[in-house]
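Keep the viewer open as you read.

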Amino acid sequence: MPKIDAPEKIFYSLLGRKMSDDELVDIFPVAKAELDGHDTEHHVIKIELNDTNRPDLWSPAGVARALKCYETSVIPEYGFFSSKDEEKDSEGRMVIDDESVIGIRDYSIGFAAKGKTVDDDLLVNLIQSQEKLCTNFGRKRKTIAMGIYRKELIKFPVHYAAVDPDKTKFVPLGMTEELSLREICEKHPKGKDYGYIVSSFPKFPYLYDDNNDTLSFPPVINSARIGAVEVGDSDFFIELSGPILDDLLLAANILACDMADMGFEIQPVKVRFAKDTPYGREITVPYRFQQSAEAELSLVERKLGLPISGDEAVAALRKMGVKASVKDGRIIAECPEWRNDFLHAVDIVEDVMIGYGLENFAPELPSDFTIGRLSPVEEFSRKVKGILVGLGFQEMMYNYLGSRREYIDNMHISDEKCVFIANPMSENYEVIRPSVLPCLLESEAVSGHAVYPHSIFEVGKITIKDESDNSGTVTKDSLGFLSSNAHIGYNEAASYVNTLMYFLRKEYTLGEVSGDERFIPGRAAQIIYNGKAVGIFGETHPQVLESWGCSMPAIMCEIDLDALMA
Amino acid sequence: MDIEVKNLHPLEVKLLRHVSSGEDITAERIIKELDYKVGQCNQAFSWLLAKGCLVETGRSHRVAYELTDLGRSHQKDGLPAERIFSFLSSEGPHAMPEISQALGLEKSDTGSAFGLLSSKGVAKMNDERKAEIVKDELPEDVRIQRSFLDKAVGSGMIDESTLSDKEKAAIQQLAKKRGAASADFKVIEGDIVVYNLTTEGEKAKKALLDANITGEEFGILTPEMLQTGAWKNGTFRPYGINAPTSRLIPGRRNAYSEYLQWVKDKLAALGFEEFDGPLVENEFWNGDALFMPQFHSARDIHDVYYVKDPVHAKRIEEPWLSQVAATHENGWKTGSRGWGYTFDHEFTRRQVLRSQGTVLSAHQLTKAKVPGKYFGIVRCFRYDQVDATHGADFYQTEGIVLGKDVNLRNLLGLLKMFAEEIAGAEEVKYVPGYFPFTEPSIEVHIKHPVLGWFELGGSGIFRPEVTEALGIDVPVLAWGLGIDRMALMHLGLNDLRELFTPDIDSVRTRRGN
């Protein structure tokens with residue numbers, strides 16, 4: 001979930017007034033936002049945004065726009081959007097994508113902004129917007145990378161091409177000497193972070209102006225000259241590159257709206273693509289690419305459970321920044337230029353719901369009758385637990401992830417049946433437990449101070465490999481119990497098993513155990529049920545107790561409840 | 001302090017009744033007169049002192065010699081030297097082994113006793129290597145030893161104050177300090193304490209007499225008393241009901257597990273049927289089936305645990321795979337425009353540890369009845385640093401409701417019911433939420449009597465991209481409840497890791513509210 005910092009001054013000015021924290025807490029939900037904190041010392045409001053499909057909300061300007069619109073029902077109008085029907089004047093500013101980029105990073109687009117001198121707050125704010133769009137929405141620059149440049153140094157048109165990474169050199173931001181694109185990938189901190197996105201291609205993306213001056217090596221790093229924006233600048237060119245055109249256009253629209261809200265004049269830039277797009281070979285950015293979406297009014301009623309008139313739906317959508325009309329029982333919604341989240345009619349339904357106000361929907365229980373029921377394994381487990389409690393055992397509950405040392409080494413078993421994690425966060429949690437027994441022994445190891453005897457059990461899940469399953473693994477419901485005391489042995493274990501199986505009405509026989517190093521040889525038995533081994537019990541081998549650091553003899557038993565239920 | 005005389009122990013009762021004010025009360029006296037054991041006597045003294053019935057009036061040091069078990073047997077059967085002397089006197093010379101055998105003595109005892117006799121010129125070894133008596137009187141040492149043994153026979157004790165200096169020196173030879181078994185006497189050193197009855201004791205004694213409490217009341221009711229009817233011939237001593245008790249260690253359910261069971265029972269009572277499933281899932285069910293695009297940030301390697309081996313599931317069930325893939329790409333027949341990317345058929349088979357309970361809701365859709373209500377309390381795994389608020393694995397409580405006409409208001413109704421029935425909420429508030437698989441999405445916040453306002457759960461109506469691709473053509477309400485916070489409060493804990501603690505002591509004593 002993206003979190004943003006909104007400097008009070010900027011945020012309140014965007015809102016048009018100061019709002020108290022209580023007011024913010026109340027109204028934030030309409031933007032699926034939460035007040036994450038208010039740093040009154042540094043005058044920063046911290047906001048968490050929950051909707052990962054609404055990148056327009058990941059900036060103070062975006063949140064303010066949504067809140068203001070909700071409060072006033074006035075949808076902001078921006079005059080700078082071109083569309084398929086209308087092209088704004090780009091005044092000679094142009095980006096030309098060369099065919100060489102196709103298949104590497106297909107598109108570069110841009111727009112310009114001027115008229116406001118950036119101060120510290122504004123610069124930080126711009127960088128935050130850029131960062132959220134490129135990192136969260138742009139999948140860590142994989143699908144969106146954005147550069148902001150000093151426009152007065154650029155001679156248009158700007159060229160976007162794929163070039164030889166060893167022959168193309170420039171001085172990257174943060175350095176003083178010229179490096180080739182390949183050297184940047186190897187040496188520059190940003191190259192190390194983002195170089196991998198393009199480094200497998202024979203040629204790398206490169207952005208330069210008509211004087212052959214470097215703007216940047218997208219998606220990695222700007223040049224140290226044109227690409228070095230500082231406090232005091234007021235004239236910018238913003239460029240976005242990536243493989244998915246709609247995402248780029250959306251990100252450009254969002255940033256253009258944000259900058260306009262903050263007082264910039266947005267200047268369109270014409271883009272000539274290297275290949276055909278749904279919008280043609282040439283468009284002017286910012287560009288309205290969204291199509292209108294439709295939802296039947298009856299769907300709104302069915303989903304929301306309330307009769308809502310066409311006028312009510314239109315009014316509700318207006319609060320959400322969506323222009324809508326109703327025709328023949330259908331809502332036609334114009335997705336705002338800064339959004340692109342109407343995938344399905346239900347997305348319009350939700351906007352109607354929020355705009356209409358959740359408090360206006362009275363809760364009502366579903367009327368269908370259904371039969372409640374516990375799962376068979378839950379029912380069986382409860383029987384098992386009841387018997388063990390009656391036998392004096394304490395029920396335990398354990399984590400299902402553990403270390404190789406606990407689950408395998410200490411148990412003196414092989415790891416061939418164990419299911420490991422490919423990307424463990426720590427070696428303490430690198431394998432799913434193949435048995436309940438190591439968990440019980442861990443209890444023994446940490447509970448020497450607890451009064452003996454210790455009689456403990458757990459009914460829980462274990463996972464081991466099983467070639468016959470589609471996943472190559474099987475999760476089983478397993479009972480494990482352990483009892484430790486100065487005088488305890490095989491006979492007690494056998495008696496517990498006998499008593500348990502008697503009350504479960506399960507006839508069983510015992511089989512010899514061989515080669516199981518968890519138990520003392522000759523003092524363990526397999527439990528055979530329906531001709532199948534379903535469990536094992538016996539005296540814990542002292543080597544296992546020693547590995548765990550346990551100083552009390554213990555018997556233990558594990559039974560596959562799924563097999564016993566079958 | 002007023003004494004509840006009926007709470008007095010029989011040892012106290014009998015002592016109090018036996019003594020009068022002005023009399024010296026000593027252990028020696030009580031042991032002798034009331035036939036108490038030393039320990040019983042000391043107990044009675046300490047209890048009565050604590051109650052203020054007795055007061056110490058004098059204390060003197062004394063040394064005494066107590067007959068040991070060995071001394072007792074010597075007193076009764078004779079000292080080895082005495083026995084050898086009388087054996088040889090009556091039976092004539094014998095070899096040493098013959099003596100040992102005839103008298104049943106250890107060889108070493110025979111040897112040292114003969115050594116004593118011979119050193120005093122009472123016996124000697126003759127030319128045939130046989131022991132014979134050469135003087136018809138036992139050595140003086142042995143006679144003194146005998147006299148001590150005889151003197152001690154009654155009380156088992158010789159007070160040092162009754163001995164002459166010479167006797168003192170002699171008996172010190174025979175006694176080892178602190179209970180060595182090979183000596184006839186052991187030295188007992190201690191104080192003789194003298195007690196007197198206090199006014200309080202006097203009052204207690206009077207009360208005992210008035211109430212006719214003798215100390216002979218029945219204690220434990222025995223099977224014999226029942227068989228013989230002896231219980232009819234007396235009264236039972238009342239017990240002090242507030243005496244300290246120990247807590248037993250019973251067989252017990254785990255308090256957290258009991259709480260989860262309670263939630264399960266609640267949900268079953270509300271008409272929900274339980275579902276369950278394996279811990280190992282694949283990307284298809286864990287994300288794709290829930291319409292989370294394969295590039296979604298929550299599906300990153302840093303958010304989900306991947307299974308090392310086997311890396312991939314063998315296959316994904318059809319027709320779900322084709323339908324879900326098409327839905328992601330272009331919306332299929334769901335009315336959606338889809339995510340507009342090329343579905344990765346290898347990635348979808350990649351195996352993961354279940355990261356959210358909703359996965360099982362998705363599975364359930366393929367076999368659900370309409371109308372139907374389902375729930376599961378299932379273990380999930382999240383790629384998180386383990387700390388007080390994050391576990392490596394944890395339970396999620398999830399469910400779905402399928403019905404031809406279910407809608408948002410029904411969802412709110414369900415959430416309200418959960419809030420009231422399961423969380424005991426005082427107030428309920430709904431706010432719009434976001435989940436990739438529901439639209440609309442609702443979060444429910446509740447005001448809990450103890451915890452105050454917090455988010456109880458997330459919910460929504462499954463997107464048609466989820467339900468229709470899995471063969472369901474009615475609306476499906478989906479919900480999840482965060483019950484961990486309530487569980488912690490219920491158990492009086494504030495660290496999630498505690499829920500799965502291996503510590504036996506802490507689990508044994510843990511209680512739900």
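Chain B is divided by its domain assignment into domain 1 (5-53 + 198-233), domain 2 (69-189) and domain 3 (257-509); such bounds come from an automatic or database domain assignment. The centres of domain 1 of chain B and domain 3 of chain B, taken over C-alpha atoms, are separated by 70 Å. Before we go on, note that this is a predicted model, in which local features need pLDDT of at least 70 and side-chain atom pairs count only at pLDDT 80 or more, while totals for chains, interfaces and linings use all residues. Residues are numbered from 1 along each chain as its sequence is written, and chains are lettered from A and ligands numbered from 1 in the order in which they are written.

Staying with chain B, you will find 19 helices and 15 strands; helices (H or I, at least four residues) and strands (E, at least two) are DSSP runs, numbered from the N terminus. Chain B has a radius of gyration of 44 Å, well over the 24 Å that the globule rule gives for 513 residues, so chain B is more spread out than a compact globule. Here the radius is taken over C-alpha atoms, and the rule is 2.2 Å times the number of residues to the power 0.38. Along the principal axes, the C-alpha atoms of chain B fill a box of roughly 130 × 75 × 45 Å. Of its 513 residues, 39% count as buried, meaning that 20 or more other C-beta atoms, placed from the backbone, lie within 10 Å of the residue's own.

Now zoom in on two helix pairs in chain B. The axes of helix H1 (residues 10-18) of chain B and helix H3 (residues 38-50) of chain B come within 9 Å and cross at roughly 80°. That makes H1(B) roughly perpendicular to H3(B), a label for angles of 65 to 115 degrees. The axes are lines fitted to C-alpha atoms over the stretch in contact, with angles running from 0 to 180 degrees between N-to-C directions. On the H1(B) side, B:Leu11, B:Glu12 and B:Leu15 meet B:Gln40, B:Gln43, B:Ala44, B:Trp47 and B:Leu48 in H3(B); contact means C-beta atoms, placed from the backbone, within 7 Å.

In the second pair, the axes of helix H5 (residues 80-91) of chain B and helix H6 (residues 96-103) of chain B come within 11 Å and cross at roughly 110°. H5(B) and H6(B) are therefore roughly perpendicular to each other. Here B:Arg83, B:Ile84 and B:Phe87 in H5(B) meet B:Ile99, B:Ala102 and B:Leu103 in H6(B).

Turning to chain A, its secondary structure comes to 16 helices and 28 strands. The radius of gyration of chain A is 33 Å, well over the 24 Å that the globule rule gives for 566 residues, so chain A too is more spread out than a compact globule. Of the 566 residues of chain A, 50% count as buried. In helix H13 (residues 437-446) of chain A, 8 of the 10 residues are buried, so this helix is largely enclosed by the rest of the structure; among them are A:Leu437, A:Cys439 and A:Glu442.

Finally, where do the chains meet? The contact takes 79 residues from chain B and 79 residues from chain A. Helix H16 (residues 408-421) of chain B gives the largest share of the chain B side, 8 residues.

Definitions and conventions:
Contact = placed C-beta atoms within 7 Å. Buried ≥ 20, exposed ≤ 12 C-beta atoms within 10 Å, placed from the backbone. Parallel < 35°, antiparallel > 145°, perpendicular 65-115°, else oblique.
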